[in-house]
Amino acid sequence: MILGFDTLIYKIKAVRERFLGYLGNELIVATSHSNDGVNALELLAALMNLPASKLSLVKSTIWDFNGESHVLARDIQGSRSRIDFGIYESLNSTILFELKIAILCVLEIPGALRHTKKPRSYKPHTVLDIFKSVIPFINQMCARKRVEHGERFFEGSHFSLADFTEHDYRTEAEVFDRAFRGVMLNGFKVLRSHFLVENLFPRPLVYVDLENLGWKKNRIKNKQTRTRSKWFSNNIFEKSSREGSFAVVDFLKALKEDISDQDTLSRLDMMGYDQAKNAKITRRNYDIYVAIRLTSRGYSWPC
């Protein structure tokens, strides 16, 4: 049975680390081991051979939407309904793979991304406009990292968009030749969506306040400014609640306590959240801390 993209997308995370360095037009390299019943090589081959459009497959260098069944308006025919990934020469194969899957998500299952308040469908040329704005910035970040650290280091250390730091964004914004526009902001909202974190990226992309970077050119006139409010906005409350839950469950996990919130525990493991381990919190260290605190407050231990 041939599975569609809306089924295959949920299988990527389980075998992501088994995908090796080459995801090109003709060559697909992955280990043949199975994990949770998913064969990495078969999954990758299935994904790469899915149709991106009537004229293109996912593995194609050019995605062309000019052959779609609906009639295209004259102003979106030709290059506006086509994207050539080959011009972004500094992207490595795994980052290119992530970008292709992200584009396909917006085209095929936009409601799952939940990056807008109301679910909406997008025409291919609109999606391409968004990513033609975002990818050049990512391509230049890759190019700079290749120059600064060498090709070999870059290929061995940057397997994902999640591997870039806030410093990378800040540095690139100051020299990026294209103007920062709202469409680019929309693109990064897509890439930061919870759906892609849960099903594609190894961990969340670093959060950067894009609108307030030192862009060489910035066309967003009404930039958001931080003002004091008497309440949290929904997205800030949700993020704070999630981070608080992660911290509590991670702490209990380090102490080997029973955890009833299995949903948070599974999400914590999936996102690689391990702050308690980084802080060297163990049951023994915690008990020593408690003993020191109580003794310093005059608590007398029973003989």
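Relative accessible area sorts residues into buried (under 20%), exposed (over 50%) and partly exposed in between, with a 1.4 Å probe and protein chains only. The model discussed here is predicted, so local features need pLDDT of at least 70 and side-chain atom pairs count only at pLDDT 80 or more, while totals for chains, interfaces and linings use all residues. Residues are numbered from 1 along each chain as its sequence is written, and side-chain values use heavy atoms, with hydrogens and water left out.

1. Overall make-up. The protein has 14 helices and 6 strands; these are DSSP runs numbered from the N terminus, helices being H or I with at least four residues and strands E with at least two. Of the 303 residues, 39% are buried. Contact means heavy atoms within 4.5 Å. Among the contacts with a separation of 6 or more, 63% are between residues 24 or more positions apart.

2. Exposed lysines with positive phi. K256 sits in the loop between helix 11 and helix 12 (262–270) and is exposed, at a relative accessible area of 74%. Its phi is near 60°, a positive value in a residue other than glycine. K280, in the loop between helix 13 (275–278) and helix 14 (283–296), also has a phi near 60°. K280 is exposed, with a relative accessible area of 64%. For context, most residues other than glycine have a negative phi.

3. Aromatic pairs. Rings of Phe, Tyr and Trp (its six-membered ring) pair if their centres lie within 6.5 Å; planes under 30 degrees apart count as stacked, over 60 as edge-to-face and the rest as tilted. The count by this rule is 10 aromatic pairs. In one of them, F137 and W215, the ring centres are 5.3 Å apart and the planes stand at 50°, so the pair is tilted. F137 belongs to helix 6 (residues 124–149) and W215 to the loop between helix 10 (194–199) and helix 11 (234–254), so this pair links parts of the chain 78 residues apart. F137 is buried at 0% relative accessibility, and W215 is buried at 9%.

4. F176 lies in the loop between helix 8 (166–173) and helix 9 (182–191), and its pairing with W215 ties together parts that are 39 residues apart in sequence. At 1% relative accessibility, F176 is buried. Ring pairs join F137, Y169, F176, F180, F188 and W215 into a cluster.

5. Helix 9. Which residues of helix 9 are buried? They are V183, M184, L185, G187, F188, V190 and L191. With 7 of its 10 residues buried, helix 9 is largely enclosed by the rest of the structure. The cover over these buried residues includes helix 4, helix 5 (110–113), helix 6, helix 8 and helix 10. F188 is also a member of the aromatic cluster.

6. Helix 4 against helix 6. The axes of helix 4 (residues 93–108) and helix 6 come within 11 Å and cross at roughly 160°. Axes here are lines fitted to C-alpha atoms, for helices over the stretch in contact, and angles run from 0 to 180 degrees between N-to-C directions. The two helices are therefore roughly antiparallel, a label for angles over 145 degrees, with under 35 roughly parallel, 65 to 115 roughly perpendicular and the rest oblique. The crossing is right-handed, meaning that the near helix is turned clockwise from the far one by less than a right angle, anticlockwise being left-handed.

7. Residues at that contact. I95, L99, A102, I103, V106 and L107 of helix 4 meet P124, V127, F131, I135, I138 and C142 of helix 6. By class, the contact has 12 nonpolar, no polar and no charged residues. Nonpolar covers Ala, Val, Leu, Ile, Met, Phe, Trp, Tyr, Cys and Pro; Asp, Glu, Lys and Arg are charged, and the others, Gly among them, are polar.

8. H125. This residue of helix 6 is buried, with a relative accessible area of 16%. H125 touches I76, R80 and S81, not counting residues up to four places away in sequence.

9. E17. This residue is in the loop between helix 2 (12–15) and strand 1 (19–23) and is exposed at 63% relative accessibility. E17 and A40 are 23 residues apart in sequence and 9.2 Å apart in space, C-alpha to C-alpha.
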